[in-house]
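Please open the structure in your viewer and keep the sequence panel beside it.

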Amino acid sequence: MKDNEHFYYSIYEEFKTNILEGKLVPGDKLDSERNLSEKYNVSRNTIRATLNLLEKEGYVFKVQGKGNFVASQKMNQNLNTFYSFYENIKSAGKKPKSEIVSHKIIEANFELSEIFRIPLNSKIIYFERLRFMNEEPIIFEQTYLPMYRFNGFDPLELNNNSMYNIFENRYDVTFSKAIETLKPILISSKKEKTLLKLKDNDLGMSITRSTYEKEKIIEYTISSIKNNVFEYSITLNKGW
């Protein structure tokens with residue numbers, strides 16, 4: 001039986017690599033300590049130490065009486081600058097993907113006419129989108145776009161493209177800023193729980209984003225985000 005520091009870190013690195021490359025995805029259950037001990041021909045103490053290190057670094061989590069499971073990998077989202085989910089996921093070495101759940105043209109009600117500063121009943125592009133990171137569904141979005149600014153836009157293009165790249169390259173959008181409101185929520189919608197593969201009483205984060213071109217809002221999106229996917233940071237400068 002092989003029991004030394006080399007094999008301990010070798011097993012740890014193998015699990016870590018498989019998780020980061022998406023070969024093991026969040027929610028996957030790992031083999032029992034006994035099976036892993038037999039597979040790698042090391043003692044159960046070595047396997048236990050490996051799993052403890054993986055848990056300490058946030059790669060796995062333990063459920064009493066059920067075993068060890070792959071954890072969702074948190075990404076740090078800096079709120080000081082304008083950001084794109086698609087580009088951020090790619091730059092982190094992970095695989096972004098989107099699926100359009102539904103899309104249609106609607107008429108602006110009073111709330112939407114106020115948000116976009118357009119007349120009542122103006123045409124609005126509305127779509128629902130599921131966002132993935134390494135094949136794990138992590139965000140459910142509801143997006144509203146004013147038709148006058150994005151006439152001809154097809155939400156189905158977003159299955160393989162960044163929305164902001166399309167806006168900049170096809171519609172010559174110059175983004176000036178985005179304002180986001182974040183709040184913790186209990187994701188209770190049956191539709192969202194099913195799409196995000198959540199259990200009852202799972203918590204999440206709601207982010208409402210208003211994206212501006214000059215002084216006009218050109219995108220309004222409400223996102224429901226799985227818990228333990230992102231951690232957020234912001235720089236506070238002394239103002240006195």
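What percentage of the 240 residues of the chain count as buried? The share is 43%, where buried means under 20% relative accessible area, exposed means over 50% and partly exposed lies in between, computed with a 1.4 Å probe on protein chains only. Bear in mind that this is a predicted model, in which local features need pLDDT of at least 70 and side-chain atom pairs count only at pLDDT 80 or more, while totals for chains, interfaces and linings use all residues. Residues are numbered from 1 along each chain as its sequence is written, and side-chain values use heavy atoms, with hydrogens and water left out.

**The whole chain**

Begin with the C-alpha atoms of the chain, which fill a box of roughly 75 × 45 × 35 Å along the principal axes. The chain has seven helices and 10 strands; these are DSSP runs numbered from the N terminus, with helices (H or I) of at least four residues and strands (E) of at least two. Next, colour residues 1–70 as domain 1 and residues 75–233 as domain 2, bounds that come from an automatic or database domain assignment. The C-alpha centres of domain 1 and domain 2 lie 36 Å apart.

The buried residues of H3 are Thr46, Ile47, Thr50, Leu51, Leu53 and Leu54. They cover an arc of only 160° around the axis, which puts them on the same side of H3; the arc is that of the directions from the helix axis to the C-beta atoms. Asn45 and Lys56, on the other side of H3, are exposed. Just after H3, look for Gly58, which takes a positive phi of about 85°.

From Thr50, move to Ser10, which is 40 residues away in sequence and 9.5 Å away in space, C-alpha to C-alpha. Ser10 is found in helix H1 (residues 5–20), and at 36% relative accessibility Ser10 counts as partly exposed.

Now select Arg131 in strand E5 (residues 123–133). Is Arg131 buried or exposed? Arg131 is buried, with a relative accessible area of 5%. Its side chain makes a polar contact with the side chain of Glu141 at 3.0 Å; a polar contact is a pair of N or O atoms within 3.5 Å, where, within protein, one must be able to donate a hydrogen and the other to accept it, and residues adjacent in sequence count only if both atoms are side-chain atoms. Not counting residues up to four places away in sequence, Arg131 touches several residues, including Phe85, Tyr86 and Lys97, with contact meaning heavy atoms within 4.5 Å.

In the loop between helix H5 (110–116) and E5, select Ser122. A polar atom of the Ser122 side chain lies 2.7 Å from the backbone oxygen of Pro119.

Finish with strand E8 (residues 203–213), in which eight of the 11 residues are buried, so it is largely enclosed by the rest of the structure. Strand E7 (residues 177–186) pairs with E8 in the antiparallel sense over 10 bridges, two strands being paired if DSSP finds at least two bridges between them. The bridge partner of Ala178 in E8 is Thr211. E8 also pairs in the antiparallel sense with strand E9 (residues 216–226), over 10 bridges, and in E9 the bridge partner of Thr208 is Ile222. E8 and E9 form a hairpin with two residues between them, and Lys214 in the turn has a positive phi of about 60°.
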